[in-house]
Amino acid sequence: MTKSKLTRRGLIRTGAVTAGGLAMPTIFTSQVWGQTDTGFTNAPTGDTVTLGFNVPQSGPYADEGADELRAFELAVEHLNGEGDGGMLSTFSSKTLEGNGILGKKVAYVSGDTQTKSDAARASAKSMIEKDGAIMISGGSSSGVAVAVQGLCQEAGIIFMSGLTHSNDTTGKDRKANGFRHFFNAYMSAAALAPVLSQLYGNDRKVYSLTADYTWGWTQQESIQAATEELGWETITDVRTPLAATDFSSYMTPVLNSGADVLILNHYGGNMVNSLTNAVQFGLRDKQVNGKNFEIVVPLYSELMAKGAGKNITGIVGSQNWDWKLENEKGDRYAGTNAFVQSFGTKYGFPPSQAAQTCYAQTLLYADAVNRAKSFNPCAVVEALEDFEFDGLGNGPTLYRAADHQCFKDVVVVRGKENPENEFDLVEIVEVTPAEQVTYDPEHPMFAGGDLGECNPGA
Amino acid sequence: MDAILLQILNGLDKGSAYALIALGLTLIFGTLGVVNFAHGALFMLGAFCAVTISKLFNLSHKASEPSGVDFLGNPKYEDVLYVEDWFGERLGGWMLDWSVPLSILFAIPIMIGIGYVMERGLIKHFYKRPHADQILVTFGLAIVLQEVIKYFYGANPIPTPAPEMFRGSFDFGAALGFDANTIIYPYWRMVYFVFSLVIIGGVFAFLRFTTFGMVVRAGMADRETVGLLGIDIDRRFTIMFGIAAAVAGLAGVMYTPINSPNYHMGMDFLVLSFVVVVVGGMGSLPGAVLAGFLLGVLESFASMNQIKSLLPGIDQIIIYLVAIAILLTRPRGLMGRKGVMEE
């Protein structure tokens, strides 16, 4: 009869060695994200994964937020294999098969940013902590995007921003966990400059009105640099309060300033009101310095065009995307028609650029997870960095690793003279190729930022 | 000189809106003693009366034959307007073009009705309550009203243009002997200024020259004594609430071509209008009108580049600075009466 020598201490030692041995492959291959499914915030454990859509559901951008939410719902439907699949079939990456993300059914929660940084952070925090959201997306303001991006970085969550156009989002406030599909103020200016030169010549005097907050400042700086490079002279730039509703007292000095171009660095309600006031004061009908007086709105949106009504006619601006792109500019913009068909059939009208960017961001996140074979944020960051893709409506696109900014063609548009229907508000004047709007990551307008390390959280 | 004239003109139309809203506010305060924070919402509701009329005039049915394809490639049927079906193309087109001025006819009874219901249904229950309670309940009501409007009309501004003949601008410079194109002023803003003078004059005349107005003024001076004479002063004050609502509503209707209305426009004006009332003197009708125009003009001057380069941001705070200065030197406001809000 043999006597067992198993002691409590021996058992613990044996157990530790065995556990170490079992863990060995994972430890040595920790960069193979596919084999880790824990060790990060909100690692999905069941058969569903929850995404958090943080959009303005109240406040001045609620309509834009509603359109973003429609796009998110559509993206979730398509990821789960429902509906017609939208851009899944045109997307160059083929990992999305309508079976969710990594085989998990996609669920979502939504929050209201109210277009206020503190409210947006609170709703994002709630979605992360209470609802277990593993990714946050959406928004219609750069202030909100920067605030929520910072929160996601701290929490170890991926942030796929919605409509944010300030250079700062992927400039001085860039974060490793944050990614921007939307274009930015620099790109708007770079895309507009050659078109402005072609339309209005190289000898112009500019008066600009700028919304007094982060986006307005970067937009003004960008367009001033681009137009001065053309030979245009900036006479003055006037900062206007974000809360201003009547811009008449800012318009009257324009009349006698000697300027022959007015640039409105305004967005949303600000832009609708300032453009309306400018037209009321007869600026469009003026002749100055022997030239027709012109108005330029660097950042356009369909909802703004709708709000401004006939005043938008002939006004030049830029967009991230337009629903007519594939019909007018060909197959390079494949995906546009698939998305418009899908969205239009479900909701009865064409999608806005905010909707397109949110839809694309959701698909890009899901695809990155599938390619990385992990929900770990650091794996997703690795999969998205320097990812080149096509078929999401914007033509060939690069998610640059250095600053997490997408580089793609920029659409230059003009308010249409005789719209054929209520959705046909702008005409595409030009599509500026991505190469012409690409800049160095350390360009002075973007300098001072640091992505830092990706944060997986828990 | 031309810049100064322009800013005075600008200030007058801005002041017109302040004066009209503040007039209604101080009328309600002077009669019912209620601090009505929902007054800005009444301005907004007036604007949405114009939006609603414009939408009603634009109601249409589909043509029987397709005339092309829609954005999805399906057959497209043109919209045919009912007003053109019923009244012919010429009269129907005129109604569409003049929808904002025509809205006045609808807005008056609607706004009086809204004011009546608001006073009888909610505000009368707060007469004996502290001013803080009144502010809370009326501010809450304002938020409810704007959310209701947002639910039905969305958050985006809705363009509501002036009639074609008022869409241009007038060259004051040429008329006054300055260079052409130096002092340009939109026709509709001139219409708005004249309209506000007519409304303000109408309210003053109503209070001054009618028996009803005389009783109301007596009630404002000494409500109890008028009541003891057997006059139902409460009923008259309720009607005055309706009239004040109509004044705010009309200010909103005519404002729609100046800035596309949205659900939040009442709040944008509310705080400024309260400052106007306080500067003018609580309960003082002439004070509200005077302060409205004064602060409108001052706000315009503060937006001039020359002023802003000396004092950055002054355009955002000028009204409050003036309010502080006036309240320090004249605690009852410019034309305030003794005893009002001093108990």
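Predicted model: local features only at pLDDT ≥ 70, side-chain atom pairs only at ≥ 80, totals over all residues.
Q: Which residue of β14(A) stands opposite A:F387?
A: Strand β14 of chain A covers residues 397-399, and β13(A) pairs with β14(A) in the antiparallel sense over 3 bridges. Opposite A:F387, the residue in β14(A) is A:Y399.

Q: In what order do the 5 strands of the parallel open sheet of chain A stand?
A: The edge strands of this sheet are β2 (105-112) and β5 (178-180) of chain A, each of which pairs on one side only. Neighbouring strands are turned against each other by 20° on average, with direction ignored. With parallel pairing, the 5 strands follow the order β2-β1-β3-β4-β5.

Q: Which residue of β2(A) is the bridge partner of A:N54?
A: Strand β1 of chain A, residues 48-55, runs parallel to β2(A) and is joined to it by 8 bridges. Among the pairs along these two strands, A:T50 has A:A107 of β2(A) as its bridge partner. For A:N54, the bridge partner in β2(A) is A:G111.

Q: How many of the 8 residues of β1(A) are buried?
A: A residue is buried if 20 or more other C-beta atoms lie within 10 Å of its own. By that criterion β1(A) is largely enclosed by the rest of the structure, because the buried residues among its 8 number 6.

Q: Why is helix α7 of chain A described as largely enclosed by the rest of the structure?
A: Helix α7 of chain A spans residues 248-255, and its buried residues are A:S248, A:S249, A:Y250, A:M251, A:T252, A:P253, A:V254 and A:L255. The helix is largely enclosed because the buried residues amount to 8 of the 8.

Q: How far apart are the centres of domain 1 and domain 2 of chain A?
A: The domain assignment of chain A gives domain 1 as 48-183 + 329-408 and domain 2 as 186-319. Taken over C-alpha atoms, the separation of the two centres is 30 Å.

Q: Which elements give two or more residues to the side of domain 1 of chain A that touches domain 2 of chain A?
A: Across this boundary, 14 residues of domain 1 of chain A are in contact with 15 residues of domain 2 of chain A. The residues on the domain 1 side divide into 4 nonpolar, 7 polar and 3 charged. The elements of chain A that give two or more residues to that side are α2 (62-79), α4 and α12 (353-372).

Q: What radius of gyration does chain B have?
A: Chain B contains 14 helices and 4 strands, and its C-alpha atoms fill a box of roughly 70 × 55 × 35 Å along the principal axes. Buried residues make up 45% of its 343 residues. A compact globule with 343 residues would have a radius of gyration near 20 Å, which agrees with the value for chain B, 22 Å.

Q: Which element gives the most to the side of chain B that touches chain A?
A: In this interface, 33 residues of chain B are in contact with 36 residues of chain A. At least two residues each are supplied by α1 (2-32), β4 (184-186), α11 (265-280) and α14 (314-329) of chain B. The residues of this side divide into 12 nonpolar, 16 polar and 5 charged. With 6 residues, the element that gives the most is α1(B).

Q: Is B:A41 buried or exposed?
A: B:A41 lies in helix α2 of chain B, residues 39-57, and, leaving aside residues up to four places away in sequence, B:A41 touches B:A142, B:L145, B:Q146 and B:G266. Because 30 other C-beta atoms are within 10 Å, B:A41 is buried.

Definitions and conventions. Residues numbered from 1 in each chain as written. Chains lettered and ligands numbered in written order. Pairing = 2+ DSSP bridges. Rg over C-alpha atoms; globule rule 2.2 N^0.38 Å. Buried ≥ 20, exposed ≤ 12 C-beta atoms within 10 Å, placed from the backbone. Contact = placed C-beta atoms within 7 Å. Nonpolar A, V, L, I, M, F, W, Y, C, P; charged D, E, K, R; others polar. Axes fitted to C-alpha atoms, helices over the stretch in contact; angles between N-to-C directions. Domains from an automatic or database assignment.
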